[in-house]
Amino acid sequence: MKKILTIAGSDCSGGAGIQADIKTITVHGMYAMSAVTALTAQNTMGVFGIEKCTPQFLEQQLDCIFRDIFPDAVKIGMIPDAGLIQSAAGKLAEYGAFRIVLDPVMVSTSGRTLLEKEARDAFMKKLLPLAALVTPNIPEAEVMSQMKIESPGDMETAARVISGFYDGAVLIKGGHQKETANDLLYENGKATWFYEKHMDNPNTHGTGCTLSSAIACQLAKGYNMEGSLRRAKEYLSGAIRANLDLGQGAGPLNHCYRI
């Protein structure tokens, strides 16, 4: 059985973060492990509180995982400050972790900045170089590339800029576009578009977490980057189309629609 590690924050309402990751990994028939970076008090209407883990305890979690059940792939989500980012990066490098999918939780859906400058710098210098794939949405890609993205051409330019910071692939997610939800994969100087229309379902809480976890699962199976992304997007689309309707705000996906 393939083993997948998620390093991320907890979502007590179950739609995103560690909980979404574990559901996604389990549905893919793999063994899920988690290193929790923060506890959050949140639901479909917003985030109401965050309690961060200490860097020392995050390192202890990672030591326990890598010394006993070495993961076949790693998904990284929310790491809320520079100290935790440096701790995670140090341990991943120490143990030689591979197939790392990095979901840069930098900007909330509402546009709120989630990482301060010191943490963004640590992310770019310490964590990003370890990744096989980074998966920013458009606001996050703007932060990483330091440019405004207003067109498909801008997405390609931003992807080239981001790829200049490290050797891995870049997936810019287009869900923030008004009429389409086209994604761009940029790998080894080649741009590949994945064309998608917006689905008529407002319940999309946790889509970024779910997609990045699904990609990690497909990479662990041995698929290449493009093949992993196609399969992961197929799973994500099905979880959205299942039209689960829970909560009073932007509800979660149906991660278990295949069961």
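Contact means heavy atoms within 4.5 Å. This is a predicted model, in which local features need pLDDT of at least 70, side-chain atom pairs count only at pLDDT 80 or more, and totals for chains, interfaces and linings use all residues. Residues are numbered from 1 along each chain as its sequence is written, and side-chain values use heavy atoms, with hydrogens and water left out.

Me: Which residues does S228 touch, not counting residues up to four places away in sequence?
Reply: S228 lies in helix α8 (residues 225-241); helices are DSSP runs of H or I, at least four residues, numbered from the N terminus. Beyond the excluded neighbours, S228 touches I215, Q218, L219 and Y223.

Me: Is S228 buried or exposed?
Reply: Buried means under 20% relative accessible area, exposed over 50% and partly exposed in between (1.4 Å probe, protein chains only). S228 has a relative accessible area of 0%, so S228 is buried.

Me: How far apart are the end C-alpha atoms of helix α7 (residues 207-221)?
Reply: The expected span of a helix is 1.5 Å times one less than its number of residues. For the 15 residues of α7 this should give 21 Å. The model agrees, because the end C-alpha atoms of α7 are apart by 21 Å.

Me: How many of the 15 residues of α7 are buried?
Reply: Helix α7 is mostly covered. Of its 15 residues, the number buried is 13.

Technical notes: Helices (H or I, at least four residues) and strands (E, at least two) are DSSP runs, numbered from the N terminus.
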